[in-house]
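Please consult the sequence and the structure shown here while reading.

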Amino acid sequence: MVDTEYKQLVDLAAMAGKIMLENGAEIYRVEDTIRYILSVSGLETKQAFVLSTGLMISLGDPAIDAITVIRRVENRGTHLNAISKVNEISRDFYMGKLSLDEAYVQIKGLQANQYPSWLKDIAMIFVSAFFTGMFGGNAVDMVIAGGVGFLLAVWTWLTRGIRMHGMILDFIGSFLVSVSAAGFLRIPGVAGHLNLIIIGAIMVMVPG
C-alpha cells in the first residue's frame, strides 16, 4: 500500500465505526471491526479507542508517518440491519473478497442510504398500533397506541438535538408512553387494555 491507500483505509475504518456507533452497536464490536479493517494494512500499530460519543483511530509503522483520525458521534439510534451490513462488508474486505475501493464505496453508500428521521418518526405511529394488535389488542387499543406513538415521535423530535445518554432518553420516553396511555384511557367513553397499549408503543424503542 502507498500513503494514500493507508489514509483511505483509516477513513474506511472510521466510517464503518461511526455507522455502527450511530446505529446501536456495542463498543467492543466497533473496536473489533475497526481493528479487523486496519489489520489488512500489515502495519505494526493498529489502535482503536471507542466511546459512546466518538472514536479515535491510529495507524502507524516505523516506515511511515502515523495516521490518526477522530470522529465524533452526535446522533444515536438503533438499526441492526445497518450494523449487519457493515459487518458483512468489513468481513468480505478482510477476507479479500472486496478491494479497498469497493469496500470504501459500499460503506460510504450505507451512510447515504440511512432512513431519514422524519420517516422513522412517522413509522413510530404505525408500528405502535401494529404491535398492540399483534399482542391481542382490539381496534380501540390500536388507535390509542397510534396516538401514543405520535406523542413518542414528537418527544423523539424534540430531543434529537439534546446531548444526553440514550438510556436516560429511553427511560423518559417509556415514562411518557405509560402516562399518555393511561391518560387516553381516562377519556370518558374510551375503554381499552392499558398493558397491551404500553407494550405495543414501547416495542418501537426496543433494539432492531
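The sections below describe a sheet, the helices beside it and a helix pair in a predicted model.

Three strands make up an open sheet, arranged in the order 1-2-3 with antiparallel pairing. Strand 1 (45–51) and strand 3 (64–72) are at the edges; each has a single partner strand, so one side of each lacks a neighbour in the sheet. On average, and with direction ignored, neighbouring strands of this sheet are turned by 5° against each other.

Strand 1 and strand 2 (residues 54–61) run antiparallel and are joined by 7 bridges. In this pairing, Val 50 is placed opposite Leu 55 of strand 2.

## Helices on the sheet

Helix 1 (residues 3–22) is packed on the sheet and touches strand 1, strand 2 and strand 3. The direction of helix 1 makes about 25° with that of strand 3. Helix 2 (residues 27–39) lies across strand 1 and strand 2, and runs at about 155° to strand 1.

## The pair of helix 6 and helix 8

Two packed helices are described by the angle between their axes and the distance between the axes. For helix 6 (residues 139–158) and helix 8 (residues 194–202), the axes come within 9 Å and cross at roughly 45°. The two helices, helix 6 and helix 8, are therefore oblique to each other, and their crossing is right-handed.

At the contact, helix 6 contributes Asp 141, Ile 144, Ala 145, Val 148 and Leu 152, which meet Leu 196, Ile 197 and Ala 201 of helix 8. Classified by type, this contact comprises 7 nonpolar residues, 1 charged residue and no polar residues.

Note on methods:
Residues numbered from 1 in each chain as written. Predicted model: local features only at pLDDT ≥ 70, side-chain atom pairs only at ≥ 80, totals over all residues. Heavy atoms only, no water. Pairing = 2+ DSSP bridges. Helix = DSSP H or I, 4+ residues; strand = E, 2+ residues; numbered from the N terminus. Axes fitted to C-alpha atoms, helices over the stretch in contact; angles between N-to-C directions. Contact = heavy atoms within 4.5 Å. Parallel < 35°, antiparallel > 145°, perpendicular 65-115°, else oblique. Left-handed = near helix turned anticlockwise from the far one by under 90°. Nonpolar A, V, L, I, M, F, W, Y, C, P; charged D, E, K, R; others polar.
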